[in-house]
Amino acid sequence: MSFDPQKTSCTRCHAYLFEEDDIVYCPICGAPHHRDCYAALGHCALEELHGTDRQYDKVKKQEEARHAASPESEHTGENAEGLISCPMCHEKYEFSRNTCPKCGAPNVARAGGSFASFDFLGGVPADYDIGDGVTADEAKRFVAANTQRYIPKFAALNKKNRASWNWLAFLFPCGWMLSRKMYKIGLIFGLFSVIASLFYLPFSKAAYQLGMYDAANYREMMQIFTQNFSQISGLVIAFSAIGLFVNLTLRVLSALFGDYFYKDYTLSSIKTIRAESEDMDYDYRKKGGVNIFFFLLGAMAVQYLPTMIATLIL
């Protein structure tokens, strides 16, 4: 079977196949695999589709016929009816939409790209077990946004390797966790962040009384601070140092273990949905995905709540 190396990928690992690769084809449906991928499975990656209308060779013939009838739509994934299939949840919708109406995945084709060139799994095989029997494809449907980053992280993290780095979790610990619907741990981090910020308040009050905030620039502010340092209580300095240490510690912990916390939340949520859900697609959207409102709420609460508390008690 001949193939175009620019468009054909291994049906197990989804990496592009090139002429120099060691390639084998399923003897039943003709699906291409790396030899190592086929050997690792011991059978075709699409074996469960054999004998159905979704069998690889049947789908391929349908796609070739559609592209022949409408060549200009080949690079967009658009079919003759103007519909495209979402690579995230497989929902069909109008090509003119910017996002999938079901899961919110971006319409990469309309942006000038190709679904074939955008890997929502970040190179992880769809049937890869990321933990507790949950596949990468299931996790992708739950995570919904930025899956090409999180799914490879989930695949790499385990009980012996829990650390990674997440800049968004470092900059906005509470906001990021709440946006990913990890409400319990997000509130815990938010509470401790507010408490840590309260330790700064005595220093902020002293700085205001010394006129540091009236300085024209940072250099002038530092001059005022050094000239009046003796007037600031040592206890005030100590409290500020404690607050800074706690705040930085929370951010580092969030950045280092945030992805692991999120993986654990994803696995437990998917297992609960499997056991209890009557509409899995609905529950994936309800419990998974991203809530931008909660991100803003968490970030603003940590930023402004300490000041509001200070106004009441100082």
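Biologist: Where does V24 sit?
Modeller: V24 belongs to strand β1, which covers residues 23-25. Keep in mind that this is a predicted model.

Biologist: Is V24 buried or exposed?
Modeller: V24 is buried, at a relative accessible area of 13%.

Biologist: And what does V24 touch, leaving out residues up to four places away in sequence?
Modeller: V24 touches A31, P32, H33, H34, R35 and Y38. One of these, R35, is eleven residues from V24 along the chain, and their C-alpha atoms are separated by 5.5 Å.

Biologist: Let's step back. How many helices and strands does the protein chain have?
Modeller: The chain has twelve helices and six strands. Its length is 314 residues, and 36% of them are buried. Among contacts with a separation of 6 or more, 54% are between residues 24 or more positions apart.

Biologist: What is the mean pLDDT?
Modeller: The mean pLDDT of the protein chain is 82, with 85% of the residues at 70 or more.

Biologist: Where does pLDDT stay under 50?
Modeller: One such stretch is residues 1-6, where the model has eleven contacts beyond four places in sequence. Residues 69-77 also stay under 50, and the model has eleven such contacts for them. Where pLDDT is low, the predicted coordinates should not be read in detail.

Biologist: New topic: the largest nonpolar core. Which residues touch the most other members?
Modeller: Those are I130, I151, F154, W176 and Y262, out of 23 residues in the core. Helices α3, α4, α6 and α10 each supply at least two residues of this core. The most come from α10, which gives six.

Biologist: What does W176 touch, not counting residues up to four places away in sequence?
Modeller: W176 touches Y150, N166, L168, A169, M182, G258, D259, Y262 and F295.

Biologist: How many residues are in the second, separate core?
Modeller: That core has seven residues, including A207, A215, F225 and I232. Nonpolar side chains tend to be buried together in soluble globular proteins.

Biologist: Where does I232 lie?
Modeller: I232 lies in the loop between α9, residues 218-227, and α10. I232 counts as buried because its relative accessible area is 8%, under the 20% cut-off. Not counting residues up to four places away in sequence, I232 touches F203, L210, F225 and I237.

Biologist: How far apart are I232 and A207?
Modeller: They are 25 residues apart in sequence and 8.5 Å apart in space, C-alpha to C-alpha. A207 is one of the buried residues of α8, along with L201 and A206.

Biologist: Which residues other than glycine have a positive phi?
Modeller: N146 is one of them, with a phi of about 60 degrees. Another is K181, with phi near 65 degrees. Most residues other than glycine have a negative phi.

Biologist: Where are N146 and K181 found?
Modeller: N146 is in the loop between α3, residues 136-143, and α4, residues 147-156. K181 is in the loop between α6 and α7.

Biologist: Buried or exposed, for K181?
Modeller: K181 counts as buried, at 10% relative accessibility. N146, on the other hand, is partly exposed, with a relative accessible area of 37%.

Biologist: What about G51, buried or exposed?
Modeller: G51 counts as exposed because its relative accessibility is 66%, over the 50% cut-off. G51 is in the loop between α1, residues 35-41, and α2, residues 56-69. From C29, G51 is 22 residues away in sequence and 9.1 Å away in space, C-alpha to C-alpha.

Biologist: On to pockets. What volume does the second largest pocket have?
Modeller: The volume is about 420 Å³. This pocket is lined by 23 residues, and S197, Y200, V302, Q303 and P306 lie nearest its centre.

Biologist: Which helix gives the most to that lining?
Modeller: That is α12, with eight residues. Helices that each supply at least two residues of the lining include α6, α7, α8 and α10.

Biologist: How many of the lining residues are nonpolar, polar and charged?
Modeller: Twelve are nonpolar, nine are polar and two are charged.

Methods:
Residues numbered from 1 in each chain as written. Predicted model: local features only at pLDDT ≥ 70, side-chain atom pairs only at ≥ 80, totals over all residues. Heavy atoms only, no water. pLDDT = per-residue confidence, 0-100. Contact = heavy atoms within 4.5 Å. 1 Å grid on protein atoms, 1.4 Å probe; cavity = no way out; pocket = protein on both sides within 12 Å on 5 of 7 lines; lining within 4 Å. Points joined across faces, edges and corners; volume = space filled by probe spheres on them. Helix = DSSP H or I, 4+ residues; strand = E, 2+ residues; numbered from the N terminus. Nonpolar A, V, L, I, M, F, W, Y, C, P; charged D, E, K, R; others polar. Buried < 20%, exposed > 50% of the residue type's maximum accessible area, 1.4 Å probe, protein only. Core = buried A, V, L, I, M, F, W, Y, C linked by side-chain atoms within 4.5 Å.
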